[in-house]
Amino acid sequence: MSGLAGIIYTDGRPAGVKALLPATERMAFLGPDGVTTWAEGPAALAHLALHTTPEAEHEVWPLRDERGQTLVADARLDNRDELLHVLHPQRHAQRPITDAELILAAHERWGDAAPAHLLGDFAYALWNPVDHTLRLVRSPFGLKGLFYTIEAGRVLFASTLRGVQALSPRAALNLPWIASFLAGEQQHHSDQTVFTHVHKVPHAHLVRFQTDPPRETRQRFWDLAVTDAFRGWSDDDWTEAFRDHFDNAVAARLRSNAPVAVAVSGGLDSSSIALAAHRLMHDEARVPPLPVRAYTQRMPGWPNTDETPFQEAVYARLLEFEVNLLDVERAWNWQVVESCQRRMSTPSIFPNAFMSQPFYQHAAEHGCRVKLSGAGGDIITGGEDYFLLEALGSLGWRRGLREFPFFAQGGLRSYLRVGRRLLRDRLDSRLVHWWQRRRDPQLYTPKCEAAARKRRGSKPEGASPLQQLFYEKVMSAGGLQPFEQRAEILALHGLELRVPFYDRRLIELAFHTPPHLRFSQGRTRVLLKRALERDLPPLLVNRASKADFTRFTAYSILPEDHARAIHLPPESLLRRQEWIDSERWQQWATRPQRPSQTISIHRVAHLHHWLTTLT
């Protein structure tokens, strides 16, 4: 992940590159391949480079066209061939057309409609001195961050929250945002941050700042919508389309100028990506072969995490990949948490967000710059649908009755989950909260929930219950924030995160996939398994359950690290706002708890620690 920063003076003052120095120093980890600064008139821009594609090595920053439009970008475009065919940019004899040149050509051709024509992961800033307009753009799934603030006489932006904070060191905290994080309601804060004056460019948005007269406008350039384009497809049509889309998504993310790292956990998602990558490079030759380092993390002494048979079945088919087995002793320790969180834009959502540090360090030391992740595969392909009431509601009553008995495979817990969702949907929210607190008390208080200011997000018109659920999980800020955070943690190690399952065309297909190809008769992820049946080992396809990492996440922590986590001082913002139930916190902190409760304690502790790093 590269970085960018900039200052635009809306009152016409001349800008200087020295003003950007605090941001470039704060974000230095994003620029191992060099930092470029530029200033002209009221605009100053900076680019911090990490070269992760063959074309990136030829990029010149900032990029300018004949009209003076100036671009800085952190971008990987996946539909280069389509754009080259349509845009016909000027070719160079000595070097390839870069992704940045395609972005600039797209704006010359389509204006503000250009981002809708771009596929891939991107965040960029485009300054037009002719009409005194700054455009900040972010791709639909937000792996690359972009933050901004508007002050008297200027607009500031940077790739990370800390970069903007360095340029504008005000510290007015956004209390509803913090309360929402604590109460797990982040999905409703797509453009907000921990500071009231700093905003995030929302996913799939173009934010336009006009300096004369001063004005800010927003334009959403893509959204999931119900379409009839897939009407009448047979199961074979769906299988072929999914295979093509998945292969294209993996192939696009293998475009690299350095070795690629891929995780092989033994689960279906990471294994599917690794096996497809191996086939595309070494069996079908669709992708130029690259050095690929496959990593498996093991937790010795924690039997519930052991997936050795599945991992060995996958590695038996990855003959051209270098296999690396890494032992991980703990889910996290305070040294790692502190080194990461003081540079992160959000507090750690999961306490085990730092568990893969040995993997990232090892990959970076061996020259990798790209990491392929199976994140989100369960949501996209139907790994959770079978245990959700909305999924049954999409089947109609006849098939719903036929499918319902398969809930028994999950035991009483599966039926209770259905009942809980029925209660949540139909009973008064106060009664539901009372019952939930009686059954499984929470650390946060009703006052915290009130401060979170819950809001319902919009859903696609005409969508089925299952599609509505899909939209909430895939498109909400809360659903995407873990991927943004993982991308920042990887960037700290000089690696760029790439997530094939979060490919725009693949998601559009998955959104319309018929329910019977997502789950059927106790089998989940039916379409994925049909499409990749030639890649996946039968042992993996037919596995009944996944490994359980909750006990490792909760109990592998050193006693001294846990003692620090449960020490929440009275001056903590969370206590001063009375968002934490202090009595319950003491009870939970002084006696053994279930794994989920211990993980909750650690999550709150990480939030408290992250807040202390802001000043």
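Reader: Is Arg286 in this model buried or exposed, or something in between, and how should I read its accessible area?

Author: The model is predicted, and in it Arg286 has a relative accessible area of 42%. Because partly exposed covers the range between under 20% for buried and over 50% for exposed, Arg286 counts as partly exposed.

Reader: Which residue forms a salt bridge with Arg286?

Author: The general idea is that side chains of opposite charge can pair when their charged atoms come close. Here the partner of Arg286 is Asp247, with the closest N and O atoms 3.9 Å apart, which falls within the 4 Å cut-off for a salt bridge. Asp247 itself is buried, its relative accessible area being 4%.

Reader: How far apart are the closest N and O atoms of Arg293 and Glu322, and how accessible is each residue?

Author: Their closest N and O atoms are 2.8 Å apart, and the two residues form a salt bridge. This pair links distant parts of the chain, with Arg293 in strand β14 and Glu322 in strand β15 (residues 322-327), 29 residues apart. Arg293 is buried, at 9% relative accessible area, while Glu322, at 38%, is partly exposed.

Reader: What does Lys447 pair with, and where does that partner lie?

Author: Lys447 forms a salt bridge with Glu578, the closest N and O atoms being 3.4 Å apart. Since Lys447 is in helix α16 (residues 446-452) and Glu578 is in the loop between α24 (573-576) and α25 (582-590), the pair ties together parts that are 131 residues apart in sequence. Lys447 is partly exposed at 44% relative accessibility, and Glu578 is partly exposed at 48%.

Reader: Turning to the strands, in what order do the six strands of the open sheet run?

Author: The order is β4-β5-β6-β7-β11-β12, with antiparallel pairing, and the edge strands, β4 (63-64) and β12 (214-220), each pair on one side only. Within this sheet, eight bridges join β5 (residues 70-77) to β6 (residues 120-128), and Ala75 has Phe122 as its bridge partner in β6. Helix α3 (residues 99-110) packs on the sheet, where it touches β4, β5, β6 and β11 (205-211), and its direction makes about 115° with that of β5.

Methods. Residues numbered from 1 in each chain as written. Predicted model: local features only at pLDDT ≥ 70, side-chain atom pairs only at ≥ 80, totals over all residues. Heavy atoms only, no water. Salt bridge = Lys/Arg side-chain N within 4 Å of Asp/Glu carboxyl O. Buried < 20%, exposed > 50% of the residue type's maximum accessible area, 1.4 Å probe, protein only. Helix = DSSP H or I, 4+ residues; strand = E, 2+ residues; numbered from the N terminus. Pairing = 2+ DSSP bridges. Contact = heavy atoms within 4.5 Å. Axes fitted to C-alpha atoms, helices over the stretch in contact; angles between N-to-C directions.
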